[in-house]
Amino acid sequence: MSKFELINASCADQTVDVVVNAANDGLWAGGGICGVIFSKAGRTELTEACSKYKTPLNDGDAVITPAFNMTNAKAIIHSVGPNFAVTPTAFKELFDAYYNSLVVLKDNGYHSISFPLISSGIFGGSLDNPVAESTKQCLRAYRKSTSDYPEYDVDVKLCAFTAAEMKKAEHEYKAFMQAN
């Protein structure tokens, strides 16, 4: 049975098959959750694994690497969220970042995944509420993937790191569930 859970924590700390990195299109170590994941996995090993992919990736693309030194996960999916400061209407690309991550999860035989709020920080641009938009697109992607692959169970944890993010994400989660 698939399930979706919204939690107030770091996605990098969850014990899951796959941790999702909010990646940049070059798959290099960045700041925020990306920097945390590179540090936990091992900067050298993860940089080398990422360098095997042809970059730049497109917004919405998702690729997988081993988790290396992360003891709480087996793999890392690097999901490229759009930069809303550059592309203010990239809602489909944000949906794709979540959906494609779930497809990569399935294609690699994994069942549990922890997401950060993709494109909700510095890539949130001038969106009124990037946390709410990210939460909504994650929920839409989860719903579509469980509809497209009803026989494949997934356990999704969407992680809101701060208390303020959690409050916004909870509000969007409740609104989404009432509307759908």
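**Figure 1. Phe 95 and Tyr 99, two buried rings.** Both Phe 95 and Tyr 99 are buried in this predicted model. Their rings form a stacked aromatic pair, with 5.8 Å from centre to centre and 10 degrees between the planes. Why do Phe 95 and Tyr 99 lie about one helical turn apart? They are four residues apart in helix 3 (residues 91–107), which means a separation of about one helical turn. The structure holds five aromatic pairs, and the pair of Phe 95 with Tyr 99 is stacked.

**Figure 2. Tyr 98 and Phe 115, an edge-to-face pair.** Here the ring centres are 4.9 Å apart, and the planes of Tyr 98 and Phe 115 make an angle of 65 degrees, giving an edge-to-face pair. Tyr 98 belongs to helix 3 and Phe 115 to strand 5 (residues 112–115), so the pair ties together parts that are 17 residues apart in sequence. Are these two residues buried or exposed? Tyr 98 is buried, and Phe 115 is buried too.

Figure 3. Phe 4, Tyr 142 and Tyr 173 are linked into a cluster by ring pairs. Now turn to Tyr 149: Lys 106 lies over the face of this ring, 4.5 Å from the ring centre.

**Figure 4. Helix 1 meets helix 2.** The axes of helix 1 (residues 32–41) and helix 2 (residues 43–50) come within 6 Å of each other and cross at roughly 110 degrees. Helix 1 and helix 2 are therefore roughly perpendicular to each other. On the side of helix 1, look for Gly 35, Ile 37, Phe 38, Ser 39 and Ala 41; they meet Arg 43, Glu 45, Leu 46, Thr 47 and Cys 50 of helix 2. What classes of residue make up this contact of helix 1 with helix 2? It has five nonpolar, three polar and two charged residues.

**Figure 5. Phe 161, an exposed residue in a loop.** Phe 161 sits in the loop between strand 6 (155–160) and helix 5 (163–179). Its relative accessibility is 57%, so Phe 161 counts as exposed, since the cut-off for exposed is over 50%. Leaving aside residues up to four places away in sequence, Phe 161 touches Asn 8, Ala 9 and Ser 10. Phe 161 and Ala 132 are 29 residues apart in sequence, and their C-alpha atoms are 14 Å apart in space.

Conventions:
Residues are numbered from 1 along each chain as its sequence is written. This is a predicted model: local features need pLDDT of at least 70, side-chain atom pairs count only at pLDDT 80 or more; totals for chains, interfaces and linings use all residues. Side-chain values use heavy atoms; hydrogens and water are left out. Helices (H or I, at least four residues) and strands (E, at least two) are DSSP runs, numbered from the N terminus. Buried means under 20% relative accessible area, exposed over 50%, partly exposed in between (1.4 Å probe, protein chains only). Contact means heavy atoms within 4.5 Å. Rings of Phe, Tyr and Trp (its six-membered ring) pair if their centres lie within 6.5 Å; planes under 30 degrees apart count as stacked, over 60 as edge-to-face and the rest as tilted. A charge sits over a ring if NZ of Lys or CZ of Arg is within 6 Å of the ring centre and within 35 degrees of the ring normal. Axes are lines fitted to C-alpha atoms, for helices over the stretch in contact, and angles run from 0 to 180 degrees between N-to-C directions. Angles under 35 degrees count as roughly parallel, over 145 as roughly antiparallel, 65 to 115 as roughly perpendicular and the rest as oblique. Ala, Val, Leu, Ile, Met, Phe, Trp, Tyr, Cys and Pro count as nonpolar, Asp, Glu, Lys and Arg as charged, and the others, Gly among them, as polar.
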